[in-house]
Amino acid sequence: MQHRTRKERRFDETERDLPNVSPSASTLTSADKAFNILSYLGRKNPFPRSITDKDTVWLLDNTAYRNEKTGKWEAEFLTAAFSQDSSSAFIDAVNAVARKVDLDEKDPNYSTIEERIRPFLQDIKPGVQVNALYGDNTPLKLGPGGRNGISSDIKSLPGSDGTPLVSTTAEVPKGTNGILDMKTFFAEPQGWGVISDIDDTIKITQTSDPIGILRTTFLDKPEPCPGMPQLYKFIQSVIQDTSPWFYLSASPYNLYSFLREFRQQHYPHGTIILRDASWMSLPGLLTTLTLGTEDYKVDRMEKIHSWIPQRKMICIGDSTQSDPEAYGEIYRSFPGWVKVILIRKVEDIAAIGIEAKNEPERFEKAFKDIPRDVWHVFSDPAECNKLIQETKSSKDVPYELLYWPGIPGRGEHIRLALEEAGANYTDTAQIEKGIDQVTAQIAESNVGDDFNPPPLAPPILRHGDLLISQTPNILLYLGPRLGLVPSEDDEEHPDALYKVNELALTALDGLSNEVHDCHHPIASGLYYEDQEEEAKRKSKDYVDNRLPKFLGYFERVLQGKASGEGPWLYGGQLTYADLVLFQCVDGVKFAFRKALSAAEKSGKYVHVFRLYDAVKERPRIQEYLASKRRQDYSMGIYRYYEELDFGPEGRD
């Protein structure tokens, strides 16, 4: 369809009439030639050149994400560098565009073409390294860039201290111009996100008409598509300001500054992702907007998925290019990631090019095997408000944990899962009079509601209309939602949820429930002092027999093939079973200090303690353990009584 559009709209003729500008070879010094050769090495270039006061630098806004393996923040930083001057035929290029859009050089709008065409004509600066300052005190070295003057670096970041946007400023000589300040948006793993096309989705570009592209790019005041700013404002109000936005276009990076200013005027902040091609090529502008757009957009969306695979995405595009096909492919590639697809039906012939692009058969083919309630073709953006509102179900609310204050208890397993996932949740243990919510749920007068039976005891989880209790049951519900079990579509780990649940249940049985029974072996309703002698016998037997049995079992699990690579219990990735085992080991370390110290020193359970340390070093877990949200052990499951603190040789 792209080739048919180009043929019928005579793109080739227009491209032949546009100059393919390039810098004059005679203006290159020997040093320039050397830097150009070294730029082929990209980031491995040992001799990058520095920015001068005669250069232009662009720092591109980006989105930070949590690395799935380490849990630490990182982001892709992109820079573009080029000379403020042009060694190409500037006037010839301006005149060529002016002729195509029927503009006389005496027209007052002639200067607009001169201004907008400049980024296509400035000499690129290959092999440049840019020094920048992230936040207030983190220096960054970005680059060196490649042949196209663009550099790409994945950088680890210290975090945002709760601020969604953090600035990075280029440290350059006085006289350097460009976009010297960028914003990094921090996107936690959970929640919603938006991927939006730009041309003819949110900005009138007329991508099916070569003259229309030249006019809307180099001459006309950029105009938003009718109703789209209002729709995006509504979407942002529904999915909250903490949701990342990605603006994906087949335009070359020459247009970044132009599109960034347009986005700032009309749409929510977001990362603009463009093609790193066609520098110093006016025909290339038309080519990139009309050829290979589907493969390009799928590739970039795969990258976004690698950053935030647990987010729920809304994809918005139009019918002029290959947005339906690209969104259909990405939906099928990552089941469950894309929740809504909205396609703007463009009916202006200059934009649509050929009427076949709006035929129902096209959309049916593009969205084959995708549920009909997922994708929607619209003419009036206001139609989408209800769809977006309905997509936000009752489950798109914070989790509510109901548990006793003052003790970690069984609720701690739930907290660790929520904390590790970066989930939005409330905890009655941290709320004034939160205990009243707990007691109301377990009161004898509570008979439940139309859908939920009354819980017997905490922990209790409320999520929208759902109310459930029992620690392993809650984790069974949270695990898939929080990404703490392998995906259902993971063919290498079939039925993973049940295997992870099995491991969590085993840890809770032997390293939590039995530990509680050590200090209350007869009845939980009796005081400890009323069963102290029995508690001593129980604890001695537990330390001598039961504790080694369970530690030994998990050591065997961690040595097995199903454990996979790394320190985790199953599938080579962190699951909620690892968090349960961590909490159990941590509690036993508190209750039976001598026994756990001896077990660790014995070398028999190396893998168990390696897992314990690995969980403890997870960034979000580390932050949580150091916070006031983490409650001290006291009179809960894990209690310390000196007379029960048996080691291998008794209490000595």
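## Strand E12 and its neighbours

Leu 248 of strand E12 is the bridge partner of Asp 197, and the strands meant here are DSSP runs of at least two residues (E), numbered from the N terminus, as are helices (H or I) of at least four residues. Strand E11 (residues 192-197) runs parallel to E12 and is joined to it by four bridges, where two strands count as paired if DSSP finds at least two bridges between them. This is a predicted model, in which local features need pLDDT of at least 70 and side-chain atom pairs count only at pLDDT 80 or more, while totals for chains, interfaces and linings use all residues. Residues are numbered from 1 along each chain as its sequence is written, and side-chain values use heavy atoms, with hydrogens and water left out.

E12 also pairs in the parallel sense with strand E13 (residues 271-275), over four bridges, and in E13 the partner of Pro 252 is Arg 275. Together with helix H8 (residues 256-266), E12 and E13 make a right-handed β-α-β unit; right-handed means that, with the strands pointing away from the viewer, the path from the first strand over the helix to the second runs clockwise.

## Burial of E12

Strand E12 (residues 245-252) is largely enclosed by the rest of the structure, because eight of its eight residues are buried, that is, under 20% relative accessible area with a 1.4 Å probe and protein chains only. Trp 245, Tyr 247, Ser 249 and Ser 251 point one way, whereas Phe 246, Leu 248, Ala 250 and Pro 252 point the other way.

## Cysteines

The structure holds zero disulfides, a disulfide being a pair of cysteine sulfur atoms within 2.5 Å. The sulfur of Cys 315 is 13 Å from the closest cysteine sulfur, in Cys 384, which is too far for a bond.

Terms used
Buried means under 20% relative accessible area, exposed over 50%, partly exposed in between (1.4 Å probe, protein chains only).
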